[in-house]
Amino acid sequence: MENSREGADKMKNRRKTDLIPAVALAGAAVLWELAVRIFQIPGYVLPSPIQVARVLIQERAVLAGHGLVTVGEALAGMGISLALAVALGIAMDCFPLMRRGIYPILVVTQTVPMIVMAPILIIYMGFGIGPKILTVVLMCFFPVAVSFCDGLGQVDEEYVNLVRSYGAGRWKAYRLVKIPASIPALLSGLKVAATYSISGAVVGEWIGAQKGLGYYLIRVKNGYLLDKVFACVAVIIFLSLCMNGLMRLYQHMALPYLKKNTL
Amino acid sequence: MMKLKVENLTFSYEGRKILDQVGFCVKDGEFVSLLGPSGSGKSTILKILTGVLAPQEGRVAADGKEIRGVNQVFAYMPQNDLLFPWKTVLENVCLYGYVHGNLEEARREARENFPVFGLAGYEDKYPSQLSGGMRQRAAFLRTALCRADILLLDEPFGALDVITRGEMQDWLVKMRKRLNRTVILVTHDMDEAIYLSDRILILNGSPAKIGGEIVIEEKDRGREWLYDQGRLRRTIHQYITGGISPDNSKEREDG
């Protein structure tokens with residue numbers, strides 16, 4: 001009884017804390033709207049939040065069409081990143097020498113700005129979907145690979161010894177212990193990567209594309225349609241948060257043991 | 001009948017000799033405790049038996065056949081329960097089934113044993129939802145469900161509070177007949193060793209060797225005696241501290 005009341009109180013407090021960012025955001029939007037109106041800032045310099053909201057409603061079909069393309073590229077890039085990161089993570093964990101050789105290179109690749117890499121990819125791969133997906137891969141692979149690799153490295157060796165003493169071979173020890181134990185770390189990386197994935201696809205489209213939010217963004221920017229630029233940015237933020245939320249939802253559903261519940 | 005024979009086990013780690021010519025025998029169905037202070041190499045012996053560690057010298061034979069590397073003769077229960085937090089209690093205790101591909105049979109056998117191990121109703125809970133004693137019982141059930149002849153228990157109750165520990169020891173005494181297996185228990189708790197074992201092997205020195213052996217008679221076993229802090233407890237302490245050597249132990253005990 002005491003516990004359930006305590007739990008309800010905690011939940012209530014959490015809801016209150018969760019509301020703080022939303023309230024702050026709403027406050028900033030109100031200030032922005034007031035500033036545009038009071039100082040009579042023209043729409044081509046700074047559109048008001050209401051103007052942006054109006055464009056979002058008017059252009060919803062166009063934005064949804066381009067958004068779908070971007071989400072498709074982001075999901076494909078995330079899938080490839082995940083597969084590569086898992087394969088490379090296991091390989092680096094199996095062969096410490098390989099880890100010592102590859103890990104520093106992985107870190108160095110992250111120092112190259114993606115805006116520099118994207119045009120090179122387009123030169124090599126053309127204007128199709130390929131370079132966009134590859135841009136997403138280049139942005140998402142690193143956080144996923146590093147967190148998974150670190151997760152594998154931090155597994156308590158006693159667990160591995162236990163299954164080995166039960167007769168499990170090396171691969172079975174990975175399947176039964178090391179990989180499941182590293183899933184929370186992998187998901188942490190995926191949450192970061194999910195947020196990057198939409199931006200990655202947009203960067204790829206920005207350099208050269210015929211559809212997608214990056215392409216739309218370039219088009220409206222060139223026309224000085226700032227309300228549409230802001231609307232597009234809002235969609236990009238929304239989609240990035242959705243991707244992150246998707247990972248959180250997956251974590252909630254697939255890893256129920258992480259929920260705190262002890263006797 | 002001799003179930004296990006360990007001869008001249010020598011093991012070094014990072015240049016430091018941990019075990020020196022350790023040898024002992026265990027009879028079929030016997031409950032033997034390896035007793036010694038922390039860091040004396042007790043757990044190392046169990047890890048060598050399971051094949052997780054390889055000795056530099058020595059030989060291990062079960063039922064007259066020499067054993068090398070990971071084997072199916074021993075079922076190991078580690079110091080910490082090592083239940084997988086991502087698996088339910090039922091899935092955890094079926095680990096042997098997961099490793100050897102006979103999961104259905106393992107599940108059936110596990111379900112049958114859940115009430116005996118005081119875990120009925122907790123099949124689908126996660127380890128984090130169990131108390132310390134229940135976690136240990138789940139780990140014990142996982143060990144008991146192995147198709148191994150010899151159970152190796154590495155300080156199984158070491159992480160529990162005194163009261164739960166006592167309850168678990170009582171429970172293990174009751175379970176002995178039902179298990180009907182040869183058991184080697186590693187502990188640094190004299191009372192636990194006396195209460196549970198048929199025989200105690202005492203490790204001492206550095207590098208460790210078997211410094212003494214005490215057969216526990218039925219009259220010596222029991223909580224009442226333990227509360228008296230009796231004669232055997234003093235003898236074991238003398239073995240560990242080197243007060244008596246194995247050769248003259250009989251005389252000292254009699255005297």
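What percentage of the 263 residues in chain A are buried? Buried residues make up 36% of them. A residue counts as buried if 20 or more other C-beta atoms lie within 10 Å of its own, as exposed if 12 or fewer do, and as partly exposed in between, with C-beta atoms placed from the backbone. The model is a predicted one: local features need pLDDT of at least 70, side-chain atom pairs count only at pLDDT 80 or more, and totals for chains, interfaces and linings use all residues. Residues are numbered from 1 along each chain as its sequence is written, while chains are lettered from A and ligands numbered from 1 in the order in which they are written.

Start with chain A. It has ten helices and zero strands. Helices (H or I, at least four residues) and strands (E, at least two) are DSSP runs, numbered from the N terminus. The C-alpha atoms of chain A fill a box of roughly 75 × 65 × 30 Å along the principal axes. Two residues are in contact if their C-beta atoms, placed from the backbone, lie within 7 Å. Take the contacts in chain A between residues at least 6 apart in sequence: 74% of these join residues at least 24 apart.

Chain A is assigned domain 1 (1-40) and domain 2 (51-258). Such bounds come from an automatic or database domain assignment. The C-alpha centres of the two domains of chain A lie 29 Å apart.

Tyr224(A) lies in the loop between helix 9 (213-222) and helix 10 (226-254) of chain A. Its phi is near 55 degrees, a positive value in a residue other than glycine. Tyr224(A) is exposed, with 11 other C-beta atoms within 10 Å.

Now turn to the contact between the chains. Chain A gives 18 residues to it and chain B gives 22. On the side of chain A that touches chain B, the elements giving two or more residues are helix 7 (157-165) and helix 8 (170-207) of chain A. Helix 7 of chain A supplies the largest share, seven residues. By class, this side of chain A has ten nonpolar, five polar and three charged residues. Here Ala, Val, Leu, Ile, Met, Phe, Trp, Tyr, Cys and Pro count as nonpolar, Asp, Glu, Lys and Arg as charged, and the others, Gly among them, as polar.

Just after helix 7 of chain A, Gly167(A) takes a positive phi of about 105 degrees.

In soluble globular proteins, nonpolar side chains tend to be buried together.

Strand 6 (residues 74-77) of chain B is covered on both faces. Phe74(B) and Tyr76(B) are buried on one side, Ala75(B) and Met77(B) on the other. Leu152(B) touches these four residues, among others including Leu46(B) and Ile184(B). Two strands pair if DSSP finds at least two bridges between them. Strand 6 of chain B pairs with strand 7 (residues 150-154) of chain B in the parallel sense, over four bridges. Phe74(B) has Ile150(B) as its bridge partner in strand 7 of chain B. In the loop between strand 6 and helix 2 (89-93) of chain B lies Leu82(B). Leu82(B) has a positive phi of about 50 degrees although it is not a glycine. Leu82(B) is buried, with 21 other C-beta atoms within 10 Å.

Chain B also holds an open sheet of four strands, in the order 2-1-4-5, with antiparallel pairing. Strand 2 (16-27) and strand 5 (65-66) of chain B are the edges, each pairing on one side only. Eight bridges join strand 1 (residues 2-13) of chain B to strand 2 of chain B. Five bridges join strand 1 to strand 4 (residues 57-62) of chain B. Lys5(B) has Cys25(B) as its bridge partner in strand 2 of chain B, and stands opposite Ala61(B) in strand 4 of chain B. Ala61(B) in turn has Glu66(B) as its partner in strand 5 of chain B. In the hairpin of strands 4 and 5 of chain B, with two residues between the strands, Asp63(B) takes a positive phi near 50 degrees.

Methods: Lists of a residue's contacts leave out its neighbours within four places in sequence.
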